[in-house]
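Me: Could you walk me through this structure, one step at a time?
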Amino acid sequence: MTKGIGNTQKRFGNFIRGVVPAAILGALAAAYGADAKYPTAKVMTTGLAVTDNEVTVGILHSLTGTMAISETGSVEAEKLAIAQINESGGILGRKIKFIVEDGASDWPTFAEKARKLLVQDKVAAVMGCWTSASRKAVLPVFEKENGMLYYPTFYEGLEQSKNVIYTGQEATQQILAGLDWIAKEKKAKTFYLVGSDYIWPRTSMKIARKHIENVLHGTVVAEEFAPLGHTQFGSLINKIKLKKPDVVFAAVVGGSNVSWFKQLKAAGITADKQTLLTISVTEDEVLGIGGENLVGFYSSMKYFESLDNPNNKTFVPAFKKMWGPNSVIGDVTQAAYLGPWLWKLTVEKAGSFDVDKVAAASPGIELKTAPEGYVKLHENHHLWSKLRIGQWKADGQALVVYESGLIEPNPFPKGYQ
Amino acid sequence: MKKAAVDENRSKDGSWLLGLAVLSALIFIVMPLCFDIFRLNLVGKYLTYAFVAVGLVLCWGQGGILSLGQGVFFGLGGYCMAMFLKLEASDPKSTAIQSTPGIPDFMDWNQLTKLPWFWQPFHSLTFTLIAVVLVPSLFAFIIGVAMFKRRVGGVYFAIITQAVAAILTILIVGRQGLTGGINGITDLKTLHGWDIRTNGAKYVLYFINAGLLVASLLVSKYITSSKLGRLLLAMRDKEERVRFSGYDVSNFKVFIFCMAAGISALGGAMFTLQVGFMSPSFVGIVPSVEMVIFTAVGGRMSLLGAVYGTLLVNFGKTYFSESYPALWLLLMGGLFISVVMFFPNGLAGLYDQHLKKRVAAAGARFRAGRAAGLKTAPAGEPPGMEKTAATLPGGIPGKRTKGPKQPLETRP
């Protein structure tokens with residue numbers, strides 16, 4: 001009820017602001033801000049937290065718990081993007097204010113905080129989530145409360161929602177071109193698939209196997225999954241030595257990653273003897289694993305910090321200026337940076353903060369200033385993006401050895417299910 | 001002396017009921033009036049943990065069996081409910097995009113083409129409602145028989161329950177085609193055609209939840225004040241003596257452990273309904289230990305204290321994490337440390353320390369007024385039992401608790 005009164009007041013205020021001084025101060029108003037052009041009553045009709053000079057968004061990541069180390073980069077990137085947007089004049093004349101909530105690496109907490117952001121704070125959009133599990137937990141909340149989520153992580157696909165924009169790659173974008181490249185470049189015929197045991201590696205390996213067998217006409221010599229948090233890869237490494245595959249294709253995540261690569265090196269499996277392509281190592285992970293343990297191995301990602309293009313050359317220094325010279329930027333961090341920018345462009349195209357209009361205006365949005373280069377939003381709310389293969393160096397940076405063309409996102413790939 | 005003891009017991013029960021009435025008023029009237037549906041839904045979620053805390057008062061406070069794996073039973077109850085809801089949400093029409101329509105989405109991702117046999121009966125709501133309580137109780141029975149018949153107790157039992165929690169988590173995460181893995185069972189929509197996501201449904205579920213909690217409290221109170229309850233206390237303090245008196249100690253332990261499991265499972269099922277999903281993060285060691293903390297904060301001997309403790313800790317968690325997203329874990333840690341250091345008996349102990357005298361005075365006045373009318377005390381007590389009650393005055397604060405809320409009203 002209070003909201004109704006607030007709206008009336010706002011509408012009345014806008015009326016005053018819009019009509020009375022317009023005749024006298026029209027030019028000044030236009031120069032001052034977008035209030036006159038975009039009155040609150042017009043750009044927001046659904047009770048979102050939008051005032052005449054502010055719009056509130058939520059940032060929902062794990063600041064504590066096991067995922068904090070991964071998600072911190074995303075929070076930093078989102079804050080940077082918001083600061084830059086505010087510097088450049090905001091959205092429809094309004095500055096972005098953000099509310100940070102901690103999902104605490106705990107999926108029900110994510111759902112609780114998502115509901116809080118949408119129901120209580122009435123945020124216009126949420127930048128957030130990292131793991132698939134957290135996204136799965138908040139998805140019903142976003143659909144029920146009609147919120148807008150910008151989700152940054154590369155993930156397994158098999159999902160599409162009006163209420164989510166996926167700024168990371170779905171599995172086929174990340175896997176197929178990488179496998180094509182390695183099959184061609186290394187004449188690879190036999191593949192050993194290794195992953196952590198949960199939905200993303202499982203789905204990724206399913207797609208990889210179909211592609212290897214049906215398209216590349218190679219052989220999958222083994223497919224192994226280690227439990228999450230597993231640290232003893234000795235027997236697995238022995239099996240790899242026995243099978244001598246042309247390529248080890250890996251999706252080991254989290255703490256396991258460190259043990260996995262250290263034990264590979266200790267067992268003498270290094271890049272000069274064994275080709276390894278992973279889809280789960282970004283600059284952030286390398287920081288934990290140590291570049292020296294990875295030298296020469298390949299990662300399949302859409303973004304590397306070392307990308308050589310003008311957008312990235314302004315993005316990387318800006319990020320380091322804000323978050324310190326030792327910070328690194330991984331694939332997901334960059335994807336998180338896209339969220340606020342894509343939202344800004346979409347809101348401006350829609351001329352409205354309303355979620356339904358933003359969702360409808362999303363397809364076709366082009367972001368030319370993305371650090372990864374040009375991206376475009378597909379009708380299925382995923383991004384058209386390129387794939388890069390990076391070869392790791394001892395200093396923790398990657399040498400980009402291959403770049404694909406723009407790949408169409410396809411979260412429900414036919415023939416790969 | 002006998003008469004005095006019975007008299008005292010009676011007045012204690014009376015003030016406990018008063019305490020329950022105050023708690024019920026708080027849950028049924030004050031909270032729904034004070035909070036909007038979002039906050040109320042959160043309170044509902046907290047109250048589902050209170051089931052576990054009440055169960056822990058029974059088996060830990062009363063029976064001396066410290067279980068660090070109560071999340072297992074909470075989780076099993078929740079999963080049973082979630083399986084039913086998931087099957088209902090996965091009708092062939094809404095899952096038409098899958099390779100095998102009609103099965104839950106995560107099964108399809110894991111290349112399953114047929115519903116596993118143990119999912120089949122969860123098409124039935126009746127079966128589900130029975131399974132919610134029965135499956136966890138049965139599981140507790142198996143663990144209980146295996147442990148208590150072999151006289152495994154104390155720390156060893158705590159460690160084993162913790163191992164069970166770890167095993168079950170690994171099993172659920174590992175067999176993701178059958179269980180939904182680490183994501184859990186998500187995207188639950190309707191209960192027998194009734195949309196559980198609407199605000200109206202949330203109100204209804206809140207009150208059902210609160211009603212079940214009060215019922216659990218009453219049943220638990222009945223148990224603790226019965227002969228069985230006193231036997232449990234005796235077992236906790238001098239197990240050998242009870243055994244030498246001819247009682248089969250293990251049977252009582254198994255019973256109270258199953259009881260605690262069943263109550264926890266109710267909480268789990270209500271959790272699934274109110275929050276809309278279930279995940280292995282409620283089965284593991286961390287949530288199980290957290291639930292022990294709720295009980296400890298409330299006072300492990302006090303049934304009502306357990307509910308207050310759960311509410312306090314969870315309100316704290318939500319409040320701190322919303323206000324100080326970067327610091328809140330430290331603040332919660334501070335809260336726990338100060339509880340252990342300054343109020344080792346929890347909220348109930350706090351009450352005992354500071355307000356008990358006032359209550360005693362008020363109680364004496366009350367008794368004095370009633371003494372004239374009370375001529376014959378019922379003499380159903382077996383000899384020796386009133387002695388147990390009478391010789392355990394200080395060590396069992398919960399038994400002495402005269403309802404935490406009464407003193408507040410006697411305050412000036």
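Reply: Gladly! Two strands pair if DSSP finds at least two bridges between them, and helices (H or I, at least four residues) and strands (E, at least two) are DSSP runs, numbered from the N terminus. This is a predicted model, where local features need pLDDT of at least 70, side-chain atom pairs count only at pLDDT 80 or more, and totals for chains, interfaces and linings use all residues. Residues are numbered from 1 along each chain as its sequence is written, while chains are lettered from A and ligands numbered from 1 in the order in which they are written.

Me: In what order do the 3 strands of the open sheet in chain A lie?
Reply: The pairing in this sheet is antiparallel. The edge strands, S11 (366-367) and S13 (383-384) of chain A, each pair on one side only. The order is therefore S11-S12-S13.

Me: Which residue in S12(A) stands opposite Glu366(A)?
Reply: S11(A) is joined by 2 bridges to strand S12 (residues 375-377) of chain A. Opposite Glu366(A) stands Lys376(A).

Me: Is Ala359(A) buried, exposed or partly exposed?
Reply: Ala359(A) belongs to helix H14 (residues 355-361) of chain A. A residue is buried if 20 or more other C-beta atoms, placed from the backbone, lie within 10 Å of its own, exposed if 12 or fewer, and partly exposed in between. Because Ala359(A) has 19 C-beta neighbours inside 10 Å, it counts as partly exposed.

Me: Which element gives the most to the side of chain A that touches chain B?
Reply: Here 33 residues of chain A are in contact (C-beta atoms, placed from the backbone, within 7 Å) with 29 residues of chain B. Among the elements giving two or more residues are helix H6 (132-145) and helix H5 (107-120) of chain A. The one that gives the most, with 8 residues, is H5(A).

Methods:
Two residues are in contact if their C-beta atoms, placed from the backbone, lie within 7 Å.
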